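This report goes through a model with the sequence and the coordinates side by side.

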Amino acid sequence: MSVVELRAAVALLGRFPALSGVDLTIHAGETVLLRGPNGAGKTTLLHLCAGLLRPESGGVRVLGHDLTGAADRRSVRRRVALLGHATGLYDDLTVGENLRFWARAAGLSAAEADRRTDEARSRLEVPDRLVDQPVHTLSAGQRRRTSLAALVVRRPELWLLDEPHAGLDQTGRDLVDALIGDAVAAGGTVVVSSHELDRVAALSPRTVTLAGGAVVDGPSGNGGIR
Amino acid sequence: MAEEPTITASTRDTTGSRGSRLLGVATLVGLAVLGVLAFVLTDPDVRIHPSTGDEFGQFDAVRMLYVHVPLAAMTYLAYGLCAVASLGVLIRRTPWWDVTAHAAAEVGTVFCGLVLVTGSIWGRPVWNTWWEWGDVRLMTTLVLFLMFAGYLALRRTTGDPRTVSRRAAVVALIAVLDLPLVNRSVEWWENRTLHQQSTLGELKIEDLTLFTLMLGFLVLGMVLAWLLLHRFRVGWLERAALDHSVAAAIAERRGETPDEELRRAVGDSPAAREGFDENDRDGDPEAGRP
Amino acid sequence: MSVLRTVLGDIRLVAARDLRIEVRSRVVLDQVLPFAVLVLVLFGFALDADHRTLRTFAPGLFWVTVLLSALLAIGRSASLDATDGTGTSLRMSGLSPVARYLGRTVAVLVQLLVLEVVLVGGIVVLYGVSVDDWLLLVVAGVVAGVAVAAAGTLYGALASGLGARETLLPILVLPVLAPVLIGATRAFDDALGVAAVDGWAWTGLLAVAALVLTVVGASAHGALVED
C-alpha cells in the first residue's frame, strides 16, 4: 500500500513554484531520505505531504486522501507528525505543560495524555528536572527533544522529519535514529530530509534526490546509498 | 462579463471592447441628459406652508438627490455583488470570483464615498449641517465605507495571494451584514434619522421628477456596469499576467535541475553523486556545524 | 452529547493555555493595563481636568479606552500562534478551529474583564463618577466584553501572518466594533446616571451584537486558520 503518492505535483509558495512537478511513491513501512541542495523543495515537499499546502496542480494522495480537498487535508494532518525547523512549542509554558497541551490537543484523555507524555519524555531522555522549566530557558537541543516528544505522544502513521539531526549533540542524534527505528518497527513510514547522509545511511533508507522542485532520480528512486 | 479563462496577457492589451465602448458612449450621453434634466429642466422643491403661507422645501438642493439616491442604490448593488462573489471565493476558490469580488468592492467603495459626499453637500442647505451625528443611516453608511476601506487595505497587504483572497472574502461577508442595517435604518429608527422614508413605492413624487430619478438609476447603473467591467478586466489581466509568470517560473525551475549529464550521474554513479553532495554542502550555511 | 463534551473540553484547553501564558508572561498585566490607565489620564489632561466634563463623558471615554487597549491585548494573543511554529503545530494537532476560536475568545474576555474592572476604578477615582446601577454596569460590561473579544479574536486571526498586521488589525476591527462602542456607551450612560437613556434596551442590542459576532467568528475561523 502506498502512503504517499505524488503525480506531477506542483505546489506554490506565494507565487514561487517551490515544487515544479514531483512524481514520488512511498510505501508503508518505508524509510525515505530526501536530499538535494538548499532550495530544492525538500521542506515544501514535506509540508505538502503533511497536508499543510494545497497542491496547485497534479495528483497528491496521502494516507488514502486526495489533498485537493480541505477536509481531506485536515484528516491527514492529524495522522501525520511533522518536525519542522521551528519548535512548535509555547515559549512561556513549561516542558510538561507543552507536552500535556499537545497531547490533549490530539484528543487524548487526561490520564492517557499523562501516561504517554511520561513515556515520550523517558524515550527522548528529557530529564525530570526540565519538566517544570519554561521552554525559553532550555537549550536548543533540549527544545528539539521536547518537540520530538510532543510528536511521539501522538503516535503518527507518517513521520515527516525536516533536518531532525540539526542542533543536536551526539546522544541526541543517536536518539533521533533510534526514534526512526521505533517508528518503522511500529509499522510507520518515515520521510527524512537531511544533510547527514552518513548517519541516515545506517538506517538503509531509499534515497530520493530533489533539485529544482522535482525528483531527479526517477519516480521510484534508486537503490539509495547503501 | 467574464472573458474566456484562457486569455493570456499577450492576446489582449486593452480593457476595452466594442460592447464596453458602446456602453461607455451611451453612459456619457446618459450622464449629459441626466445633468440637463436634474439641474435645469426639473423644478426646485418649493412648497407653501398651508397656514402661514411661507415658502419651504429643499429648493435647489433637491437636485442632488437625483444623483445621491441612485448612487446609494448602486452601492448596495456593488457590495451585494461583492458578497456573492466572496461566497464564491470561499466555496469554489476560482480566480473569477476573486477578481469579481475585488472589482465590486473597489467600485462599490468609490460609490459609497460619493454617497457620503453628495449627501453631505445636500445636507448642508437642507439639514443645515454637513454632518449629522444622530442620524442612524449616516452612521451605518459611514461604518460600511470604513469596513470596505479596511477590505481594500487588506487586499493590498503582502501575503500568499490565496490567503489574502480568502481572508478578504471573510471581511466582505461580515461587512455586508451592515447593508440591511443601512437600508432598513430609516424604518427601524424612525425618530433617530433625518433621512426620509422611501417615497417611491407610493408615487408621491411627480412626473418629471420621477422620470429624472428613474433616469438617474439607469444612468448610474450604467456607470457602475462600465466601471465594474473595466475593473474586472484589469484584475483579470493582472491575474493572467501573474499566472503567465508562474507558468514561466515553473518551467524555469524545472530548468534549474542539473543538466541531463548530472541527472544521469546522480542516478547512476556514486562518484558523481558524491560530487553533487559536495556542492550541496558548499551552499549550505549549516553544513559546517558540529 | 459526547461531541459537545469534547468541544467544551477543547475550548477549556485552549483558554487555559492562553491564560497560563498570560500569567507567566504578564504582557497584558504589565503593559496593556498601565497603557489603559494612561489613556484615561491623557483624556483628563486633554479635557482640562474639568470634573463635570469628565463625568459627563466618562462612559464614552471608558469604552474608547477599552477598545484601544483591547487592540493591544488582541494583537498579543494572536501573536502567540505566529511564533515558533505553534500555528503550524495547531493545524497539525487536530484541534477544531471552532474550539480554537472560542477558547481564545474566552481567554481574551477574561483579560478584558480584568481591564474593565481596573478602568471602572479609574473613572470612579479620576473622573469622580458614581455608579447608579451596579447590575446594569456589570451586565453591560460583560456583554460588551464578549462582543469585543469575539470580534477581536476573529480579526486577530484574520490579520495574523500578513504584512503590516499591526496596522491592519485596527482598521479592520474598529469599524465592526463601532456599534458596540455606541451601545456600551449608552448602557453606561444609564448605569452611571449621566444621561437619561434606557440602558437595558441598549444592553439587549449589545447581546444581539455579541451573539452575531460570536457565531460569525466561530463559523469563519476555519476559513482563516485552516486551509
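Which residues does C:Leu206 touch, not counting residues up to four places away in sequence?

## A residue in the nonpolar core

In this predicted model, C:Leu206 touches C:Ala140, C:Val143, C:Ala144 and C:Ala147, and also C:Val180, C:Gly183, C:Ala184 and C:Ala187, when residues up to four places away in sequence are not counted. C:Leu206 also belongs to the largest nonpolar core, a set of 209 residues, and is listed there among those with the most contacts inside the core, together with A:Leu160, B:Ala172, C:Ala147 and C:Val148. The largest share of this core comes from H6(C), which gives 15 residues. In soluble globular proteins, nonpolar side chains tend to be buried together.

## Confidence of the prediction

For the model as a whole, the scores are ipTM 0.90 and pTM 0.87. Chain C has a mean pLDDT of 93, with 99% of its residues at 70 or more. Among the elements of chain C, the lowest mean pLDDT, 93, belongs to helix H1 (residues 2-25), while the highest, 97, belongs to helix H6 (residues 134-159).

## Chain A: domains and sheet

Chain A is divided into domain 1, made of 1-79 + 156-226, and domain 2, which covers 90-155. The C-alpha centres of these two domains of chain A lie 24 Å apart, and the contact between them takes seven residues from domain 1 and 10 residues from domain 2. On the side of domain 1 of chain A that touches domain 2, the residues divide into four nonpolar, two polar and one charged.

Chain A also holds an open sheet of six strands with mixed pairing, in the order E6-E7-E8-E3-E9-E10. Its edge strands are E6 and strand E10 (214-215), each of which pairs on one side only. Within the sheet, strand E7 (residues 158-162) and strand E8 (residues 189-193) of chain A run parallel and are joined by five bridges, and A:Trp159 stands opposite A:Val190 in E8(A). Strands of a sheet pair through backbone hydrogen bonds, either parallel or antiparallel.

## Chain B: overall organisation

Chain B has nine helices and two strands, and its pattern along the sequence reads α-β-β-α-α-α-α-α-α-α-α. Of the 290 residues in chain B, 33% are buried. When contacts in chain B between residues at least 6 apart in sequence are considered, 75% of them join residues at least 24 apart.

## Contacts made with chain C

Between chain A and chain C, 26 residues of chain A are in contact with 19 residues of chain C. Helix H2 (70-77), strand E6 (80-83) and helix H3 (95-105) of chain A each supply at least two residues of the side that touches chain C, and H3(A) gives the most, with five residues. This side of chain A divides into 14 nonpolar, four polar and eight charged residues.

Between chain B and chain C, 18 residues of chain B are in contact with 15 residues of chain C. Here helix H4 (136-156) and helix H5 (161-175) of chain B each supply at least two residues of the side that touches chain C, and the residues of that side of chain B divide into 11 nonpolar, five polar and two charged.

Notes
Residues are numbered from 1 along each chain as its sequence is written. Chains are lettered from A and ligands numbered from 1 in the order in which they are written. This is a predicted model: local features need pLDDT of at least 70, side-chain atom pairs count only at pLDDT 80 or more; totals for chains, interfaces and linings use all residues. Helices (H or I, at least four residues) and strands (E, at least two) are DSSP runs, numbered from the N terminus. A residue is buried if 20 or more other C-beta atoms lie within 10 Å of its own, exposed if 12 or fewer, and partly exposed in between; C-beta atoms are placed from the backbone. Two residues are in contact if their C-beta atoms, placed from the backbone, lie within 7 Å. pLDDT is the predictor's confidence in each residue, from 0 to 100. Domain bounds come from an automatic or database domain assignment. Ala, Val, Leu, Ile, Met, Phe, Trp, Tyr, Cys and Pro count as nonpolar, Asp, Glu, Lys and Arg as charged, and the others, Gly among them, as polar. A nonpolar core is a set of buried Ala, Val, Leu, Ile, Met, Phe, Trp, Tyr and Cys residues joined through C-beta atoms within 7 Å. Two strands pair if DSSP finds at least two bridges between them.
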